[in-house]
Amino acid sequence: MGIIVNEKSKTITLHTKHTSYQMKIGNLDYLIHLYYGLTMYDADLSYQIKQYDRGFSGNPYESRDARTFSLDAQPQEFSTQQQGDFRVTSIEMVNSDGSYSFNGKATDYKITKGKYNLETLPTVFATDQDSVETLEVTLEDTVSSVQVILLYSVFEEADIITRAVKVKNVGKENIQLKKIMSTCIDFLNGSDMDLISLPGRYGQERQVERQPMTHHIHTIGSVRGTSSHQQNPFIILCDRNATEDYGKCYGFSLMYSGNFLAEAELDQYDQLRLVMGIHPKQFSFEIKPEEVFEGPEVVMAFTTKGLTGLTHLYHDFYRSNLCKSKFVKDVRRPVLINSWEAAFMDFDDVKLVNIAKAAKKMGVELLVMDDGWFGKRDDDNSGLGDWYVNEEKIKCGLHKLVEQINDLGMKFGIWFEPEMVSEDSNLYRAHPEWTMEIPGRPAVRSRNQLVLDMSRREVQDYLIEKVNAILDDANIYYVKWDINRSLADIWSNAQPAEKQGEVYHRYILGLYRVMDGIIKTHPDILFEGCSGGGGRYDAAMLSYYPQYWVSDNNHPIDRLKLHYGTSFVYPVSTMGAHISDTGKFVSLQTKAVVAMCGTFGYELDATHLSEEEQELCREQSDLFRKYYHIIFKGDYYRLSNPFMVGNMTAWQHVAKDKSESLLSVVVTNLTCNGPQEYIKAKGLDPAALYTINDGKEVYSGSALMNAGIPIEREVPEYTAFQFHIQMVKE
Ligand code: GLA
């Protein structure tokens, strides 16, 4: 049905396959939000809105005879500033006369075929432009001479609606933008809703928290210059009683990698407003006449099928509409071994070749040379910024090293941390003005490194040239792109004093330009993102990298929580997961089962493994390749919550046609002489018959889902089971 306009009622309704979203050009031309939820056939849902004469909720001047009309109680598509609405704002700006005010009225709208585009920021894309419709509504403040353009794209089949915003100065004087939120959703009643977010810390990213809405402003955000380990630009609003399988759930995923903010305010009348966009902290952007500022995209989804239903919407959509890399769909990703936990920075070409030779026996297909190969880099106090090969370590040169690896029948990958510089580096000595340092103040060091001023064109060009030179010099198949600190000392020597409030955002714009210049010009290279693990794991980054390192924490039992939390929005195919020496008491078998909930690889010194261990690893790599299509392309189910007290953590991947499934269980807690426990499968065809691990017995899908699979309990701690469930062909 797409986008339907009713000229008479002045409603605009966006329809996806199962959802509807309605707005209306209402009283005094304010753009009212009317509905977001299951498909709604009624033409005009404004009957729901009852306005009363409320104390202390002011009325717009033009409606002075109607004391019942107040923006403070009006659901809106984009909340105004200083117009008697005291809830969280969508915009804060300073007009040329110094007034803080924006009063947007709908003046125009248009509907077009295809997906809108942003010039400065990454967005999702349409695989078929004819299947997507876009609505553009212009709100104008005629006193300020400022337009806010609201963009909506409707992905009907995917049940996804995206939103973005542009601010255009149509006047003759400069304005200062202080806050701009890309989405604003006003729920008429939110008192029985919960907010789910993914807070964490270094080594423990995206843990899951659920809190009931209470009467205050719940804020989720980052002011670290990156989307961060501490919070993630994704939230869910759901019914209080929503579970994995049932209940209304709304998802909001922001395509932005810098400071972000989501504010959810349950107001005095139990209305719930959610806004989400760039964090206004230290943000002040000058918009000159005729200039346009773009706010990042928010990808929104709604389902009544619970948290799993929401996860499936995002996984499916992000697997097809987010990243154009051929490694998303068309090319299987190789099993890799990474040198970091094998050697840290203590390696040379011979050691790497030896690791590769041993790894080859384990069925590994790609050797990744991590940090330590460039400049003067024997520890993390020096070298960053000097992106040329350290020939004291790589004595044969990069070209020859790659050739040796290729001769083994393996591919070669390399690590970069482009955004950083060490004080002890040739780059810093040549260009101390290229770092972010506040004049007259010693800069905050973190891992003993400083941050390059990515807002500077020269810095961007330097990085594009240097990184591309390495990538073009040898046969490089894979790149890991790291960033290992939060941003502080926000300052650009290239900007005048009054524009320093633009630097946080300009950093991100510069970063995207560098990524465009490196990643998009190397479509055959597989890129993996990393920020001390998963410190910048967001949808915008995933539009460049098909995969992201989940965490520096490789402990398989911690990984159960890390994978669980990450899976709420980001597909399993994006989750970088390796087997390492971390977790002494956990078997290689269990580590492999856990790493198969992701891209699967190794991060250990393969030369230290016994022949039996290498053989076991070969079997694991083969299994991963065998199950790749289910893991990467199937539906993912969280079967238990590792944050709850329980004895097992289980999850499942199910092929789209339900013909096959991989169900994994890790016993996390032993109970002496305990009760028999069962794991109930999901997503199978109830009427079909299945075998497990090629066994002779046959079970119906309904039995496996309702009676469950008995799990052996008298086993060593952290035992893992993997059940390959296969439909019996007639
Ligand atoms: C970060 C990454 C690690 C490794 C090191 C190298 O911590 O998360 O995987 O690449 O940097 O310095």
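Two strands count as paired if DSSP finds at least two bridges between them, where strands (E, at least two residues) and helices (H or I, at least four) are DSSP runs numbered from the N terminus. The structure is a predicted model, in which local features need pLDDT of at least 70 and side-chain atom pairs count only at pLDDT 80 or more, while totals for chains, interfaces and linings use all residues. Residues are numbered from 1 along each chain as its sequence is written, and side-chain values use heavy atoms, with hydrogens and water left out.

**The sheet of 4 strands**

Strand 1 and strand 2 (residues 11-15) run antiparallel and are joined by 5 bridges; Asn6 has Thr11 in strand 2 as its bridge partner. Both strands belong to an open, antiparallel sheet with the order 1-2-3-4. Strand 1 (2-6) and strand 4 (31-38) are at the edges with a single partner strand each, so one side of each has no neighbour in the sheet. On average, and ignoring direction, neighbouring strands of this sheet are turned by 15 degrees against each other, where axes are lines fitted to C-alpha atoms (for helices over the stretch in contact) and angles run from 0 to 180 degrees between N-to-C directions.

Another open sheet has 9 strands with antiparallel pairing, in the order 6-7-8-9-19-15-14-11-12. Its edge strands, strand 6 (105-113) and strand 12 (209-212), each pair on one side only, and the twist from one strand to the next averages 20 degrees. Strand 11 (residues 193-197) is joined to the antiparallel strand 12 by 4 bridges, and Leu195 stands opposite Gln211 in strand 12. Helix 1 (residues 306-321) lies across several strands, including strand 19 (292-303), to which the helix runs at about 135 degrees; contact here means heavy atoms within 4.5 Å.

**The ligand**

There are 13 residues around the ligand, and among them Asp370, Asp371, Arg447, Lys480 and Asp552 come nearest; a residue is near if one of its heavy atoms lies within 4 Å. The table gives polar contacts, that is, pairs of N or O atoms within 3.5 Å.

| Residue, N or O atom | Distance to a ligand oxygen atom |
|---|---|
| Asp371, side chain | 2.6 Å |
| Asn484, side chain | 3.1 Å |
| Gly533, backbone | 3.0 Å |

The protein covers 97% of the 310 Å² of accessible area that the ligand has on its own, with areas from the Shrake-Rupley method and a 1.4 Å probe.

Definitions and conventions. A polar contact is a pair of N or O atoms within 3.5 Å; within protein, one must be able to donate a hydrogen and the other to accept it, and residues adjacent in sequence count only if both atoms are side-chain atoms.
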